[in-house]
Amino acid sequence: MASPLTVVSVSAEVTPWSKVGGLADVAAALPVALAGRGHHVIGVAPRYQEYDHAWDTQRTARFGLFGQMLEVRYFHARIGQVDRIFVDHPVLRRGGIYGDHNGSYPDNLLRFALLSRAAMEAPYSVGLQMPPDGADTIYLAHDWHAALVPLYLAARYRAHGSRTRARSILAIHNMAHQGVYGRGDFGGLDLEPRWWSTLEMGGNMNLLKGGIMAADRLTTVSPRYAWEIRTAEGGFGLDGVLRLRGPVVQGVLNGLDTVEWDPATDPHLPARYDVRDLSGKATCKAALQQELGLPVDPAAPLVGFVGRLDWQKGVDLLVEAIPWLRSQGAQVVVLGSGSPDLEDALRRVAGPTVRPWIGFSGPLAHRVTAGCDILVVPSRFEPCGLTQLQAMRYGTVPVVAATGGLVDTVSVYDPLSQDGTGWHFHPGQTHDLVLALGNALHTLRHWPDSFRGIVRRGMARDWSWERPAAEYETLMRVALGQ
Ligand code: ADP
């Protein structure tokens, strides 16, 4: 039998302790699923504030970065079968994860370099049992914030004869965020000068590029995105580097936390339901209409959006489509926060049948997902996307831009074969979004049996982490040469 693996997963966010987007969900659920397969998984993330259950191990470690000696303290929680270690230091303890109303924190490079350095020592400092020489050990780094992990493993450990058998994987959740800094900052990272070329991109220092070059293997969150990031449109300047590393890039479709997202048990819902009995969904719709001050009308199609208000997410397309939706007698609910411009645009289109809810609320995200008939995901690009998975699981039909993971997860409804789980439209094209919404509304109103079929097929799909975890395990064994 193959030996169990030791996996150190490093991320800037992890649900439920810290979350901005889907990265946090993955960093929470993938370790649990891997542990369920018998592996020892250690999730490392910053301690942005005090967390219940995570106890102070009193263990510390010191790292020289940017001309300072920084002492971190490790907090530890063992939840289920997963060890969670939180790195504590004043530069990490902030209200926001990446920034505040003034924008990104100016010392993010220092903060995430410290996370990466400290993560390398975290399991050892806390006293967890680690295999000798890094045998059977994978460092799984998520996004640019942890992209120095593969570099530190290569440069500070393997190059010096320690943890020589350990391997690293960089998981890319979004190419748009790369961690770009000036050349002058390289000196602060505690790397020998010969590693500069690994990080250099167009004269600047690019942390994601460094991780792409240094990691033993690369994953991204859907097969389609694995292809897109090797094109000029999707690579955000790193497509050439990714083509170079093409043979080690693999897309693994994200799963969904099917315990947190289960309409049959969800504590945030006023009524529960499942694929056999959908009556509770109608109750959820009426309760949502009431909660948001919409007319309580079962016949009015309720169209929703949940997500960051960002150019990537294409919320502006939805804003443009709102007058048309209103003209069709549809109601609209938008839950999100982010760019002040988009928040203002949403406030401007608000009305008796259009309800923007600006802010972040997990419970409301559940109620919107359950209460709507249709969920729109109008992203310009979308590495995987979770809200369409949440929607399908909750019997809410997704209308999605045909990009990235949205293509891999939502199949187009075909009235002839009565197949498919939603509708696609051309990314960035409002008129095409309106056409797709028109098809969805027409089917909902005039072909209710067909619409119910779409609902049921979406609910019946298996979105759990079991398949992705098995794929990750295969990849990790390949990385280790097993
Ligand atoms: P991204 O990671 O690009 O933000 P994803 O679709 O992969 O997008 O993941 C977004 C996650 O964050 C989903 O779980 C979604 O339900 C949640 N989410 C996004 N915005 C909000 C919000 N305003 N309130 C609550 N949950 C939100």
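Which loop does P16 lie in? Select P16 and you'll land in the loop between β1 (6-10) and α1. Helices here are DSSP runs of H or I with at least four residues, strands are runs of E with at least two, and both are numbered from the N terminus.

Before you go on, a word about the model. It is predicted, so to speak of a local feature takes pLDDT of at least 70 and side-chain atom pairs count only at pLDDT 80 or more, while totals for chains, interfaces and linings use all residues. Residues are numbered from 1 along each chain as its sequence is written, and side-chain values use heavy atoms, with hydrogens and water left out.

**Stop one: the ligand**

A polar backbone atom of G22 is 2.5 Å from one. For D25, a polar side-chain atom lies 2.9 Å from a ligand oxygen. At L386, a backbone N or O atom also lies 2.9 Å from a ligand oxygen. Polar contacts are pairs of N or O atoms within 3.5 Å; within protein, one must be able to donate a hydrogen and the other to accept it, and residues adjacent in sequence count only if both atoms are side-chain atoms.

How much of the ligand does the protein cover? It covers 93% of the 560 Å² of accessible area that the ligand has on its own, by the Shrake-Rupley method with a 1.4 Å probe.

**Stop two: aromatic rings**

The whole structure has 9 aromatic pairs. Rings of Phe, Tyr and Trp (its six-membered ring) pair if their centres lie within 6.5 Å; planes under 30 degrees apart are stacked, over 60 edge-to-face, and the rest tilted. Pick F186 and W196: they are edge-to-face, 5.5 Å centre to centre with 70° between the planes. F186 lies in the loop between β10 (180-181) and α4 (196-199) and W196 in helix α4, so the pair ties together parts 10 residues apart in sequence. Are these two buried or exposed? Both F186 and W196 are buried (under 20% relative accessible area; exposed is over 50%, partly exposed in between, with a 1.4 Å probe and protein chains only).

Then select Y98, F112, W144 and Y181, which form one aromatic cluster. W144 sits in the loop between β8 (137-142) and α3 (148-157) and is buried, at 8% relative accessible area. Its C-alpha atom is 4.7 Å from that of L208, 64 residues away along the chain.

**Last stop: F66**

Finish at F66, in the loop between β3 (55-65) and β4 (68-79). F66 isn't a glycine, yet has a positive phi of about 50°.
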